Amino acid sequence: MRTRSSLVALGVLALVLTGCSTEAGPKARPGAGDPGPDALPTKLEALSADSCFTGPQTQLPKGCEKYVTEVGNTAGSVHKLAKAGKTVNQPLDRDATAIDQAVGAFRQAGCTTTATPGGECTQALVSISAALTEVKQKVSQLATTG
């Protein structure tokens with residue numbers, strides 16, 4: 001009888017202890033987030049290898065959704081880099097704003113569902129490509145001049 005009551009007590013204790021835990025399992029790790037200005041040259045190289053960058057006139061806009069999202073995320077790093085010095089690098093900041101505007105035009109036009117090239121979606125991709133080209137040139141100049 002004594003063994004049985006000990007087992008019951010252990011069972012109750014185990015239930016109480018598991019009920020007290022506030023953690024349901026391993027905690028989720030935070031997302032990678034913005035890699036920051038130091039990773040910008042590498043990110044720009046990767047984006048400029050995408051076919052949505054190299055041939056925006058011939059791409060299906062809905063196929064460029066991920067690319068446009070990545071470019072939009074990169075604009076934030078460009079803004080940070082432009083504002084990182086003692087004075088704001090106005091040309092670089094303007095180029096980042098041009099990216100923001102072109103990405104906004106792509107999204108406003110509903111290009112994520114457009115299956116044929118042409119029109120305002122293709123124009124938005126061309127604008128993104130042009131702005132990204134400018135950013136890449138300026139970031140490259142900064143890297144070589146310090």
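Trainee: Where is the place of His79?

Mentor: In this predicted model, His79 sits in helix α4, which covers residues 65–82.

Trainee: Why is His79 called buried?

Mentor: The relative accessible area of His79 is 17%. Buried means under 20%, so His79, at 17%, is called buried.

Trainee: What makes the pairing of His79 and Asp93 a polar contact?

Mentor: Their side chains come to 2.6 Å. The cut-off for a pair of N or O atoms is within 3.5 Å, with one able to donate a hydrogen and the other to accept it. The value of 2.6 Å meets that cut-off, therefore the pair counts as a polar contact.

Trainee: What share of the residues is buried?

Mentor: Buried residues are 28% of the 146 in the protein.

Trainee: What makes a set of residues a nonpolar core, and how many residues has the largest one?

Mentor: The members must be buried residues of listed kinds, Val, Ile, Leu and Tyr among them, joined through side-chain atoms within 4.5 Å. The largest such core has 27 residues, and those with the most contacts inside it are Tyr67, Val68, Val71, Ile99, Ile128, Leu132 and Val135. Two or more residues each come from α2 (40–48), α3 (51–54), α4, α5 (90–108) and α6 (119–145). Helix α6 gives the largest share, 8 residues.

Trainee: Which residues does Val71 touch, not counting those up to four places away in sequence?

Mentor: Val71 touches Leu47, Ile99, Val103, Ile128 and Leu132.

Trainee: Which residues of α4 and α6 meet?

Mentor: From α4, Tyr67, Val68, Val71, Val78 and Leu81 meet Leu125, Ile128, Ser129, Leu132, Val135, Val139 and Leu142 of α6. The two axes come within 11 Å and cross at roughly 35°.

Trainee: Why is the crossing of α4 and α6 called left-handed?

Mentor: A crossing gets that name if the near helix is turned anticlockwise from the far one by less than a right angle. The angle for α4 and α6 is roughly 35°, and their crossing is left-handed, which means that the turn is anticlockwise.

Key: Residues numbered from 1 in each chain as written. Predicted model: local features only at pLDDT ≥ 70, side-chain atom pairs only at ≥ 80, totals over all residues. Heavy atoms only, no water. Buried < 20%, exposed > 50% of the residue type's maximum accessible area, 1.4 Å probe, protein only. Helix = DSSP H or I, 4+ residues; strand = E, 2+ residues; numbered from the N terminus. Contact = heavy atoms within 4.5 Å. Axes fitted to C-alpha atoms, helices over the stretch in contact; angles between N-to-C directions.
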